[in-house]
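Subject: Structure handover

Hello,

Here is the structure I said I would pass on. Please open it and read the notes below alongside it.

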Amino acid sequence: MLSGKAATVYEHLYITADSLELVDGVKIPHATFSGSPVFSPKNHRILLNVGDQLDLWVHNLDSIEHEFAVYQLTGNQLIAPGDSIQVIQTFSNPGLHIYHDPKNFPDYTSLGLGGMIVVKDHNHASFYWNIKEHALGSNSTILNGGTVNWGDYNPDYFTLNGRSNPEINNDVDARVTGNVGDTLMIYVANTGQSIHSLHFHGYHVKVVYASDHSFRVGWMKDTQPVSAMEGLILELIPDQSGEYPVHDHNLVATTGGNVYPYGMFTTLLIDP
Amino acid sequence: MLCIPFLLFGCTSFGQADTVISLISKVDIAPQYQLHDGNKVMLMGYSNTIGGSIHLPSPTIELREGDSVELNLWNLSQGPPHTIHLHGLDVNQQNDGVPMLSFAVAHDDTGTYRFKVPHPGTYVYHCHETSVLHVQAGMYGLLIVRPQSADTLTWDGGYAFHSERAWLLTELDTNWHVDSIINHTYDPLATTHEILDYNPQHFLINGLSEHQLIGNVELNAAKDEIVYLRLAGIGYLGNQVVFPPELNATVISSDGRPIPTALQLDTLEIMPGERYGVLLQSSVDLNSVLSVDYFDLNTGSVVNTQNVNVTVEGLVGHDELQEPNEWTIYPNPSTDVITLKAPDLPAGEYEIFAITNSGMIAAHQQINLMQPKELIHLDLSDLQSGTYTIVLATNKSILIDKLILLKP
């Protein structure tokens, strides 16, 4: 992809539900938009070129009703159990969009139903971070028809692509690797409800796109906040080699189940 | 070479460093740091001296752009190792202060961080050993890099200012400041560490809150004085700084880098680890407050607000004027060449700045008066029409006035 002309891209998302095993072995009810009819703890990522038309089918394989929307771009569509809906949308500009289940927002998104649509205009090495926090008990409450008081939201676990430290570095989509002088693009989608403040050791990154804070485009940052449901594109051109951490500088988010350092913490690995 | 003295290994010359700084990491064995409510808590922290108390924040490190720096750490903590992470300086891996990737300094051992500081700006330093605990425990401080050219410039070619303030924003949860945490045992084989829920009760600016801010953290300025406010967040909550509109707050930098377009705003959000540079200037007398909200990053709800008194009155340098140095600029308005008249201006070195309304230096001239003089001429024919602040400065005093340039 990315070398040809704009095209129609056909994709399928499958709403499946099971559980997410957290870093300490605790499991929580979890649902995702999988790229196949089989449950995946990660949401399927949709990659497009600028100008592409997305022809997307979303299939609800769960036993309960869901909805679908591209955040702040398309309207909400209801999907009954066993039913499917189609979304056709052209993406004219580079960016990062979050698709999600907007039902009783943010309830169903919080179950794990949030992924990214990446629209590119380059061929640089790219990495993808779907960041999210999890509060024990809230997913069960939602699935049981209860009400979550988001005013008391106090998450216990913090993940990147569904994983916490030290497992994040085993995700080749997440772990940033490259060489000095490379242009490395990092796509960040905050599908949680908390603000995260990502601190880069070793480098400043350039903000290329920020869906919620567009005034920051062009800024060079070593600590970049990401609002709830915000999409970011960060450009990293490393000027030195080494292994450097990236982590949430709300240091509570570097823990999991109140254990340090089981949280949102990964490392960049840059060769000479 | 700038050298901050230090008992045992302070001023020894290490290689070719321009600046050598030494810090001691320490822990309290009893509560000593007094909070606004009179209660005392225990801290971990960095200090310049063996015997002194630990303060919040730790000593501010001040460096000069381009310096080669050796930063020595002597760990007298009695327990766990410590490090210094130079947050935002982008030092190499060896000197990054992350235990598993660079090095940690064990109890009664020393370590040295070697690095350069190429970018003027506002940074922080903190311990990265079990960082969630050690940062909250008090192991953090500000680090300021000043430009090569002048202490009153934000960076070379940047904005001029008359005075500066630096505020480090954080919180304190007293339940994390008990002996079992501050003096926690160190097991070199342990790879994890349990923490308590974080529910801070104290909301700090430079380690102080509530009535402690009065007389210590305030914004007192003269009319038209340009104040450079450095702001940094090192807590686990978000901050929202609300400026009185009369201060004309303008954000010019973040994380040690200029931002492409300055932002004029009344409210600035600062998230954990971020830093901002803000210019403040009031053209009117003012008695007001600047509020700092502390909000939960999960809910967005404001859990506390600290108020900083703001007073703007008088004229910049008013107390420093030497009678009868009533200075004038004429003609005003002018088209090109102006004359600065200041009777009995003593011999010495002077700098003259023409500063735009947005704080940019539009013209700069250095003058060395070999003998007392009362008239100085300045050619501003290259400048565009507009209102400028004309600053005549020595190392002891500063004279300021407004000038209107009207080009034909």
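Strand β20(A) pairs with β13 of chain B (residues 193-194) in the antiparallel sense, over two bridges. Strands here are DSSP runs of E of at least two residues, helices are runs of H or I of at least four, and both are numbered from the N terminus; two strands pair if DSSP finds at least two bridges between them. Within this pairing, Y260(A) stands opposite H193(B) in β13(B).

This is a predicted model, in which local features need pLDDT of at least 70 and side-chain atom pairs count only at pLDDT 80 or more, while totals for chains, interfaces and linings use all residues. Residues are numbered from 1 along each chain as its sequence is written, and chains are lettered from A and ligands numbered from 1 in the order in which they are written.

Across the interface, 37 residues of chain A are in contact with 32 residues of chain B (contact: C-beta atoms, placed from the backbone, within 7 Å). On the side of chain A that touches chain B, β19(A) gives the most, with four residues. That side has 16 nonpolar, 18 polar and three charged residues. Ala, Val, Leu, Ile, Met, Phe, Trp, Tyr, Cys and Pro count as nonpolar, Asp, Glu, Lys and Arg as charged, and the others, Gly among them, as polar.

Next, some backbone details. Most residues other than glycine have a negative phi, and most peptide bonds are trans. The bond between Y260(A) and P261(A) is cis, with omega about 5°, and P261(A) is in the loop between β20 and β21 (265-271) of chain A. Another cis bond runs from N165(A) to P166(A), with omega near 10°.

In chain B, Q78(B) has a positive phi, near 75°, and sits in the loop between β7 (68-75) and β8 (85-87). D255(B) also has a positive phi, about 55°, in the loop between β18 (250-254) and β19 (257-264). Which of the terms buried or exposed applies to D255(B)? D255(B) is buried, because 27 other C-beta atoms lie within 10 Å, whereas Q78(B) counts as exposed because it has 12 C-beta neighbours inside 10 Å. The cut-offs are 20 or more other C-beta atoms within 10 Å for buried, 12 or fewer for exposed, and partly exposed in between, with C-beta atoms placed from the backbone.

For chain B as a whole, there are two helices and 30 strands. Of its 408 residues, 45% count as buried.

Regards

Definitions and conventions: Contact = placed C-beta atoms within 7 Å.
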